[in-house]
Amino acid sequence: MFADYAKIYVKAGNGGNGIVAYRREKYEPMGGPAGGDGGNGADIVMEVDEGLNTLMDFKYQRHFKAEHGESGMSSNKHGKSREPMILKVPPGTVVKNAETEEVIADLTTHTQRAVIAKGGRGGRGNSRFVSSRNTAPDFAEGGEPGEEFDLILELKLMADVGLVGFPSVGKSTLLSRVSRATPKIASYPFTTIQPNLGVVIVRDKSFVMADLPGLIEGAADGTGLGIQFLRHVERTKVLVHVIDIAETEYRDAVEDYKIIRNELKEYNEKLLKRPEIIALNKIEVLQDRENIERFKREVETDSKIVEISAVTGEGIQALNDLIIETLENYVPEEEEETIDQDVRVVYRHEKQEAPFEIKRGMDGTFEIHGKEIETLFMRTDFSRDAAVRRFARQMRSMGIDDALREKGVQSGDVVRIKDFEFEFIE
């Protein structure tokens, strides 16, 4: 079975907690703090496996949770950090954040890896906080939470040649003729509802050909198989545009060609620059050459045209030779470089984004948001007074107290960070 789309949830491992501990050896009555650090949580990594060609595995399992780091131990023993969770994906997989639709990774080559969700850092034990002013700290840090996302996986097939065209123009028949692929072939539209791949061997050379689902007008806007089809066109090096020149489905060959070209443009204008070969199919049922001559006369194109019959095999060798020649002369498209005039070096003392943001909730509470303050919150053990006092000092040093006063907070008002609420007291 084939799948080119999946939505999954990933959760990297949380960091292990640091602990509060002290040396208890018989002859070390003043041994001091000895709490170990927690281990790091496991990352979630995606790796390309060229032996895969479908996302079907992600249809059956949609939730992936990595191991948490081990908590620290006494005698300054650190908790164990966890090995990454490796998820195997086929070449051509694009990973997106489901909420923002931001592309996280574009995985194309064998063994290529990308860290999709970063595991949480382990918390520090109390021995890390020893200073001349505090020789016996009574607090430790909790581990950071691992990143978690809802992800969209899209597979764009990695093929040398893509067969494009309206339904029932003979793309599947052509693929079965030139390779050992066995796509479904029938005399009704949308017989092909998923891409089929075949390896074409021409003397001492070969290439991969993809029979892509039929395209219709409005596909760029999602009509028919729409985006499901167009997604795969982006990865192909050469497009073979198959035309029913006999007009057996009572459509106009010239109009069909223009519609398909327009849909490619609407989806991604760069596709119009892709090398194209026009295959005029079903010549075995033509009574004369009037349709062929009209097509060549009315279609303005620099693409090479070849006349074929996918049923009888006529013209197939010429088509294969033309594909080999085009592939040998193929030059990858250069990515456009975008230069941001505002890009500059950001030094450590500068803030790329505000460490916190304060909003007034509907219930009158003051809500504090921000990655930095929320991370500090998650790492604080609120069961220990020393840790709470440290957290309060960190909030003051970040300027949160002053910012709350500017927002009009009064003594006794409720302040919320994540799910935790406390009173503001002057």
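Okay, let's start with a sheet: three strands, open, in the order β4-β2-β7, with mixed pairing. β4 (85-89) and β7 (113-117) sit at the edges with a single partner strand each, so one side of each has no neighbour in the sheet. On average, neighbouring strands here are turned by 30 degrees against each other, ignoring direction. Between strand β2 (residues 44-48) and β4 there are five bridges, and the two run parallel. Within that pair, Ile-44 stands opposite Met-85 in β4.

Quick housekeeping before I go on. This is a predicted model, where local features need pLDDT of at least 70 and side-chain atom pairs count only at pLDDT 80 or more, while totals for chains, interfaces and linings use all residues. Residues are numbered from 1 along each chain as its sequence is written, and side-chain values use heavy atoms, with hydrogens and water left out.

Now the terms. Helices (H or I, at least four residues) and strands (E, at least two) are DSSP runs, numbered from the N terminus. Two strands pair if DSSP finds at least two bridges between them. Axes are lines fitted to C-alpha atoms, for helices over the stretch in contact, with angles from 0 to 180 degrees between N-to-C directions.

On that basis the protein has nine helices and 18 strands. Of its 426 residues, 46% count as buried (under 20% relative accessible area; exposed is over 50%, partly exposed is in between, with a 1.4 Å probe and protein chains only). Take contacts (heavy atoms within 4.5 Å) with a separation of 6 or more: 71% of them are between residues 24 or more positions apart.

Next, the hairpin. β10 and β11 form it, with two residues between them, and Arg-203 in the turn has a positive phi of about 55 degrees. Seven bridges join β10 to strand β11 (residues 205-211), and the pair runs antiparallel. Strand β10 (residues 196-202) has two faces: Asn-196, Gly-198, Val-200 and Val-202 are on the covered one, and Leu-197, Val-199 and Ile-201 on the uncovered one. Gly-198, from the covered face, stands opposite Met-209 in β11.

Met-209 turns up again in the largest nonpolar core, which has 36 residues; Leu-174, Phe-207, Met-209, Val-240 and Ile-323 have the most contacts inside it. The rule for a core: buried Ala, Val, Leu, Ile, Met, Phe, Trp, Tyr and Cys residues joined through side-chain atoms within 4.5 Å. Which helix gives the most to this core? That's α6 (residues 316-328), with six residues. As for Val-240, leaving aside neighbours within four places in sequence, its contacts are Val-161, Gly-162, Leu-163, Val-164, Ile-277, Ala-279, Leu-319 and Ile-323. Apart from this core lies another one, of 26 residues, among them Leu-87, Leu-107, Ile-116 and Ala-117.

Over to the other sheet I wanted to show. An open sheet of four strands has the order β15-β16-β17-β18, again with mixed pairing. β15 (357-360) and β18 (420-423) are the edge strands, each pairing on one side only. The twist averages 25 degrees from one strand to the next. β15 and strand β16 (residues 366-369) run antiparallel, joined by four bridges, and Ile-358 has Ile-368 as its bridge partner in β16. Helix α7 (residues 371-378) lies across β16, β17 (414-417) and β18, at about 95 degrees to β16.

On a 1 Å grid over the protein atoms alone, a cavity is a set of points where a 1.4 Å probe fits but cannot get out; a pocket is an open set with protein on both sides within 12 Å along at least five of seven lines; lining residues have an atom within 4 Å of a point. Grid points are joined across faces, edges and corners, and a volume is the space filled by probe spheres set on the points.

The second largest pocket comes to about 530 Å³. It has 15 lining residues, and Pro-145, Gly-146, Glu-147, Lys-371 and Thr-375 are the closest to its centre. α7 gives the largest share of that lining, four residues.

Why is Arg-390 classed as buried? Because its relative accessibility is 17%. Arg-390 is in helix α8 (residues 385-398) and, sequence neighbours within four places aside, contacts Arg-124, Phe-129, Phe-139 and Glu-141.
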